[in-house]
Amino acid sequence: MMPWSDMLASGALPEWAVALLSPSALPWLVVSLPLLGAAVLSALSAPRVAAWVNVGVAALTLGAAAALLALPAEATGLLRAEALNLPLLLLAALVGLSGAIALAVLPPHEGTARAFTAGYQLLLGATHLAVLADDFAVMWMALVLAVMTVAMLAALMRGPAALAAAWKTVLLGGAGAGLALLGTMVLAMATQPLTGDANALSFDAMLRVGREAESGLLTLGFVLLLAGYGVLAGLVPLHAWLPDAQAEAPTPLMAIPCALLGNAALLAVLRAQAVASLNPAWLPPGVLLLLAGLAGIGFAAAALWRQRQAGRFLAVCAIGQIGLAAFAFGLGGPAVMAGLLQMMAATLALSAAAFAIARASALRGGADGMHALSGLATTDPRLGWGLAAALGALAGLPPLAQFVSEFLLVQQAVARLPWMALPLGIGLVALAIATLARLRGLCFGPAPESARSGVAGGARPRTPDGARLHPSPDYRFRAAEGARREPTLQPAAGAPSGTPEAGEAGAPDDAPASRPAEARAELPSGLRVNPPGQARAETLADPQAPAPDPGRTDAPVLPASLPDNARAHALAAIRASEAEDSVPLHPAGGEAVSILILLHLLALLALGLFLPGSLSALLAEAAKVAG
């Protein structure tokens with residue numbers, strides 16, 4: 001293969017390509033592509049166009065990340081690819097592309113597609129920046145941007161629970177960021193006399209002088225960084241925001257951004273440990289990671305039994321996998337290779353499970369409860385068996401990659417700290433049993449009656465009189481003062497007053513053929529009855545358009561006291577969200593999701609049966625750097 005410098009100097013590439021592919025510019029290209037994509041996506045109003053632009057940007061980013069493999073090992077700069085970060089960067093770009101494809105065929109909940117795709121690319125750019133940054137300050141800024149983006153994505157549903165989850169993410173993430181900033185400053189104080197002001201926060205420079213730096217400051221800085229970045233990574237007991245953020249997000253695909261954020265934050269912890277372990281003080285850095293890892297494994301093994309919502313279930317699975325990786329990093333030495341492999345395999349398996357659960361939720365009318373999603377192998381065998389394989393990988397079943405990483409982890413624990421092998425083995429067995437038990441219910445349990453009767457697919461279920469049922473978020477209408485509340489849809493002229501009682505979805509046999517536009521009734525299951533004659537999206541309300549004729553029976557009538565501008569915006573929001581909600585599932589969605597799951601499973605199988613030579617060499621070199 002032609003050396004990188006010779007290829008750039010050969011004249012076969014135009015000047016602009018040579019500039020972009022230079023060792024100093026290519027890492028910035030990997031970061032800037034998603035950020036520019038987020039800016040473009042935020043301006044696109046057509047959901048389908050935005051979805052495929054999202055896919056295109058993610059594909060370009062993956063190509064640029066793959067080109068980093070050819071960079072010379074001695075490449076330096078504020079952003080640099082090395083053995084420690086390159087495997088996780090390639091994984092983030094690959095999963096980012098597969099997640100973008102899934103978003104194209106499994107769009108988020110009504111009215112959130114554009115914001116979610118833009119936020120998705122923004123988070124990819126922030127995590128790429130955090131992974132590639134050689135400077136601890138740049139890494140900190142990137143992770144703060146990433147956690148704020150996750151908070152925004154969690155708040156897109158705008159209901160009370162979603163806003164509470166977003167605020168919890170902001171508050172806990174902000175507290176963690178503050179501790180991480182303080183830890184970064186302490187590390188700089190320890191190494192600055194030896195590195196100089198220019199390189200005081202450089203990871204590479206800190207590694208060179210770590211043995212001569214003041215050990216007390218190094219240990220204190222690591223403890224603060226572990227507490228700060230442990231919040232973002234989801235380490236127990238600093239994980240409280242993660243289940244809420246994934247549960248209240250507009251799609252189960254939220255597991256992908258959260259997993260990538262956790263990987264980047266845990267990489268920052270690993271870098272800090274690599275510096276602090278060069279000159280440990282009274283507390284070896286690995287001890288805290290060992291305890292946090294065991295706590296994460298135990299928490300996940302206990303919490304998986306009582307999860308009733310798909311987003312929380314995936315979040316608890318991620319917490320257990322992060323705990324395993326943290327334990328491996330705490331052991332140090334060759335175990336770091338097992339930890340990095342565990343992070344890569346867990347991200348692939350979690351994203352495959354998120355694809356399957358998102359598709360199953362769409363097929364079953366937006367349901368996200370574990371009971372409502374059960375029996376997938378009966379109603380959709382491809383989806384059910386794909387989800388079973390992904391959860392089996394998370395449980396550590398052979399011959400997938402998690403089995404290999406856990407085997408290496410146990411081997412290193414027995415060799416380095418035999419007294420830790422017993423609690424680790426108990427935690428691994430308990431975690432596997434809990435995961436397999438939930439796998440049995442989701443994939444092979446009894447399917448709900450609605451799924452067995454065929455109420456699934458592109459259209460949402462309807463009541464006997466034709467009323468369509470759909471999830472009932474509480475953000476349809478924003479009043480002029482900015483308060484959120486449901487629009488009070490008044491009956492049309494001559495219509496009987498009152499709102500149907502909950503559960504009275506179907507009209508009686510002697511009901512008139514045309515029903516007035518009554519307020520939509522809430523059912524006990526959380527579905528809302530949408531009168532079939534109600535207007536869809538014949539036109540999106542123009543802010544200057546007059547209010548609708550109150551005599552029409554197919555348009556919602558808002559309160560007469562509502563200001564004209566608020567009325568127009570309310571009608572636009574109602575009709576736009578209902579129009580997006582009425583779009584059927586993508587016709588190729590089932591095949592696309594099945595292919596994505598299969599590709600992820602094949603990658604897990606390849607990592608388990610034979611580790612590619614180049615990747616194995618990278619992981620071995622990373623273990624030397626961090627061990």
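**View 1. Thr251 in the loop between helix H11 (241-248) and H12 of a predicted model.** Thr251 is found in the loop that joins these two helices, where helices (H or I, at least four residues) and strands (E, at least two) are DSSP runs numbered from the N terminus. Because its relative accessibility is 5%, Thr251 counts as buried, a class that means under 20% relative accessible area, with exposed meaning over 50% and partly exposed in between (1.4 Å probe, protein chains only). Leaving aside residues up to four places away in sequence, Thr251 touches Pro108, Phe116 and Ala358, contact meaning heavy atoms within 4.5 Å. Residues are numbered from 1 along each chain as its sequence is written. In this predicted model, local features need pLDDT of at least 70 and side-chain atom pairs count only at pLDDT 80 or more, while totals for chains, interfaces and linings use all residues, and side-chain values use heavy atoms, with hydrogens and water left out.

**View 2. Helix H5 (residues 86-105) against helix H12 (residues 255-276).** The axes of H5 and H12 come within 11 Å and cross at roughly 170 degrees (lines fitted to C-alpha atoms, for helices over the stretch in contact, with angles from 0 to 180 degrees between N-to-C directions). That crossing makes H5 roughly antiparallel to H12, since angles over 145 degrees count as roughly antiparallel, under 35 as roughly parallel, 65 to 115 as roughly perpendicular and the rest as oblique. Leu88, Leu91, Ala92, Val95 and Gly99 of H5 make the contact with Ile256, Leu260, Asn263 and Leu267 of H12. These residues divide into seven nonpolar, two polar and no charged (Ala, Val, Leu, Ile, Met, Phe, Trp, Tyr, Cys and Pro count as nonpolar, Asp, Glu, Lys and Arg as charged, and the others, Gly among them, as polar).

**View 3. Tyr229 in the largest nonpolar core.** Of the 172 residues in this core, Tyr229 and Leu340 touch the most other members, a nonpolar core being a set of buried Ala, Val, Leu, Ile, Met, Phe, Trp, Tyr and Cys residues joined through side-chain atoms within 4.5 Å. Helix H15 (residues 335-363) supplies the largest share of the core, 19 residues. Beyond residues up to four places away in sequence, Tyr229 touches residues including Phe136, Met139, Trp140 and Ala265.

**View 4. Asp135 in the loop between helix H6 (113-132) and helix H7 (136-154).** Asp135 is buried, with a relative accessible area of 15%. Not counting residues up to four places away in sequence, Asp135 touches Leu78, Leu201 and Ser202. The C-alpha atoms of Asp135 and Ser202 are separated by 4.5 Å, although the two are 67 residues apart along the chain.
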